[in-house]
Amino acid sequence: MCQSAASCASLKLRKFTAGKLTAPVIQYKGISFQASQRFLRATSYQSSLGSFAHEGSLKSMQVANSRSKAISMRAQSRAGAHLSSFQSESPTSKKLEASSGDMNGTRGIIFRQLFDTSGSCTYTYLLGDPGAKEAILIDPVLEMVERDLAVVDDLGLELKYVLNTHCHADHITGSGAIKNLRPTVKSMIAEASGARADIHLQPGETVHFGDRHIEARATPGHTDGCMTFVSRDNGGMAFTGDALLIRGCGRTDFQQGSAETLFDSVHSQIFSRASRFAYPAMITGRHHSTVLEEKTFNPRLTKSKEEFRSIMQNLGLPYPEKIDAAVPANMACGIQD
Ligand SMILES: N[C@@H](CCC(=O)N[C@@H](CSS)C(=O)NCC(=O)O)C(=O)O
C-alpha cells in the first residue's frame, strides 16, 4: 500500500546553488542524476533535509546517470508516497486569480485531491467556488496543514469550513491547527460522532461555500458518526470517508463499528443515490472511482449482507498505529493550542 516517509527519503540532493537554476546532481536509489532546468522549475528543494517537494505529479525530468549518459525519465508519483515531503513553494508575490474560473481548465468548481505524505495515506479534499472564492476542506491531516493552507492561499481562496467525515483513528485531524492559524474557520463533524466541533452536522444538512454546497449524508457502520459529503458538481462527487473505499470499505471492529449498519449505509446512501464519482478518505491504490464501478466490482459490498458480515469479521487487521493518540485528539477537534 503506502510506503513510509522514511523509505521515501532516498532522493538525496548533493549540490544545489540556491537562487540559481543550475542543474544539481541528485542521487536516487544509488544512481546519480543531473536535473534539467525544467525539472528545477517544477520542483523546490530542501537541501538540508535531502528531500524535494513539488505540487502535484512530477511531470517529467531530464536526468543523466552516473556514466553521464543523458536519459529522459518520465516519473509520476501516483500516490505521492514516493516523496519524503510535499511543500508548496507558495511565493507570496504570486496569486492565481480564482475568479477566472479556470483553475481546473473548466469554469466549474475548484477541486483538489491532496495526499497525506506523512504516513496515514489519507486524502484531503479542497473544494472552492471560483466566483465567491470561498472554500471548504474535507478531512485535513495535522501534519499537512501548512501544505493545505498554502494551496488555499495560492488559489486566492478563503477557507470557511473544515469538515471531518468521522472521528478518525489513524491520524489526528488538522481541524484544530487550522482554526488556530485561521480563527474565522469553523470545524464540522456529525453530531452522532460525539466529537467536539464548532458545528455539529445532522443528516441531510447542506454546507454552503459561495454558490456551491455539499450535502451531508449519514453513513454509519465504520463509526457511529460517519458521514458522506455529496457535491452536485462535476457530475456528482461523493466524499465517502472510510465508509466506502475503492474496492474496499472501512473496518467495523472498533469505534462502534457494525458490518450490518455499514452495509445498509453504503447501499442506501451511496449505491442507490445519484453520484457519479466516489472519493474515499484513504488510498487503497487508486485515487478515485465511480459509484457504478464500486457497485459492480467492490469485493466486499457486492456480496450479500451475510457474506459481507463474515468478510468483515475475518479481516484480522492490526489496530492503526496512532489509534491511542488519534481518537482522543479527534474527539476534541484535533490539536487546538
Ligand atoms: N495501517 C494503518 C491502519 C489501516 C486501517 O486499519 N485502516 C482503516 C481505516 S483507518 S481506522 C480501515 O478501515 N481499513 C480497512 C481495510 O480494509 O484495510 C495505520 O496503522 O494507521
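Mentor: Two strands count as paired if DSSP finds at least two bridges between them. Keep in mind that this is a predicted model.

Trainee: How many bridges join strand β15 to β16?

Mentor: Strand β15 covers residues 212-218 and runs antiparallel to β16. One of the contacts is that of Arg 217, whose bridge partner in β16 is Thr 228. The number of bridges joining β15 to β16 is five.

Trainee: Which residue in the turn between β16 and β17 has a positive phi?

Mentor: β16 and strand β17 (residues 237-241) are antiparallel and share three bridges; in β17, Met 237 is the bridge partner of Ser 231. The two strands form a hairpin with five residues between them. The turn residue with a positive phi, of about 55°, is Asn 234.

Trainee: Why is β16 largely enclosed by the rest of the structure?

Mentor: Take the faces in turn: Met 227, Phe 229 and Ser 231 are buried on one side of β16, and Thr 228 and Val 230 are buried on the other. Strand β16 is largely enclosed because the buried residues number five of five.

Trainee: Which are the edge strands of the sheet?

Mentor: The sheet is open and mixed, with six strands in the order β14-β15-β16-β17-β20-β21. An edge strand here pairs on one side only. For β21, the pairing is with β20 (residues 277-280), antiparallel over two bridges, and Ser 289 in β21 is the bridge partner of Ala 278. The edge strands are β14 (206-209) and β21 (289-290).

Conventions: Residues numbered from 1 in each chain as written. Predicted model: local features only at pLDDT ≥ 70, side-chain atom pairs only at ≥ 80, totals over all residues. Helix = DSSP H or I, 4+ residues; strand = E, 2+ residues; numbered from the N terminus. Buried ≥ 20, exposed ≤ 12 C-beta atoms within 10 Å, placed from the backbone.
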